[in-house]
Amino acid sequence: MDKETALKTVVFDMDGVLFDTEALVLSCWKLVGEKYGLKDIEEAFRRCIGTNSAQTRQIVCDFWGEALDYEKFRREASYVFRRKVDAHGIPVKRGARELLSYLKVNGYRTGLATSTRRQAAEQELEQAGLLRFFPVIVGGDMVTHSKPHPEIYFRACRELGVDPSQAFAIEDSYHGVRSAHAAGMRVFMVPDLIEPDEEMAELAYQIVPSLMGVLGYFQNFT
């Protein structure tokens, strides 16, 4: 038996991994930002991927300075996002349901480590029909330090009752990969909006193009 068959814990990021929400949020930022004449919206957004709400606020305020009323921008972008989700549902990534179902049937423990606030994460998971897969959810509002600090993964693993070195993480962002790697986990990077660079190739356990690829990996070791 391969030693990795003993690793039966997987901790997921949410946005960009389970949900195809990064592109959706970016479209909302563009819609609202262009209304106010903000420049380089996509560049600002990419800097925020993988961070919590406090860090996002700081990044955005530093990027646009006094040209932006951040709270007004956040409220309007959030409103547009909610309207899109209410109309079309949470866009679930291809392979997410299949992977989660497979892990559950085969006795894996699964948790969530997301920069999104826990209450919002639970609401989105419930709406998508995925909440039942996550007995442990650690949100960005539950830790002091945002990704790339490893605190959120340390806490998720602690609540799952496993040493981080005995768990996998699934991430899409640079900050997320850095966070899980710093915690000592084996990190699958499934790129979303940002393609991996040499640093990611070094830090990631594997870079896989989709969650279906991650599913294939686990099927080979079950």
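Predicted model: local features only at pLDDT ≥ 70, side-chain atom pairs only at ≥ 80, totals over all residues.
## Basis of the model

Local features need pLDDT of at least 70 and side-chain atom pairs count only at pLDDT 80 or more, whereas totals for chains, interfaces and linings use all residues. Residues are numbered from 1 along each chain as its sequence is written, and side-chain values use heavy atoms, with hydrogens and water left out.

## Helix α1 against α2

Helix α1 (residues 22–35) and helix α2 (residues 41–48) have axes that come within 10 Å and cross at roughly 140°. That angle makes α1 oblique to α2, a term for angles that are not under 35 degrees (roughly parallel), over 145 (roughly antiparallel) or 65 to 115 (roughly perpendicular). The contact (heavy atoms within 4.5 Å) joins E22, V25, L26, W29, K30, G33 and E34 of α1 to I41, E42, A44, F45 and C48 of α2. These residues divide into seven nonpolar, one polar and four charged.

## Helix α1 against α4

The axes of α1 and helix α4 (residues 70–88) come within 9 Å, crossing at roughly 130°, and α1 is therefore oblique to α4. On the α1 side, the residues that meet α4 include V25, W29 and G33, while F73, A77 and F81 are among those of α4. By class, this contact has 11 nonpolar, two polar and three charged residues.

## Aromatic rings

The structure holds 15 aromatic pairs, a pair being rings of Phe, Tyr or Trp (its six-membered ring) whose centres lie within 6.5 Å. One aromatic cluster is formed by Y108, F168, F188, Y205, Y217 and F218. K8 lies over the face of Y108, at 4.1 Å from the ring centre, where the criterion for Lys is NZ within 6 Å of the ring centre and within 35 degrees of the ring normal.

Note on methods
Axes fitted to C-alpha atoms, helices over the stretch in contact; angles between N-to-C directions. Helix = DSSP H or I, 4+ residues; strand = E, 2+ residues; numbered from the N terminus. Nonpolar A, V, L, I, M, F, W, Y, C, P; charged D, E, K, R; others polar. Phe/Tyr/Trp six-rings, centres within 6.5 Å; stacked < 30°, edge-to-face > 60°.
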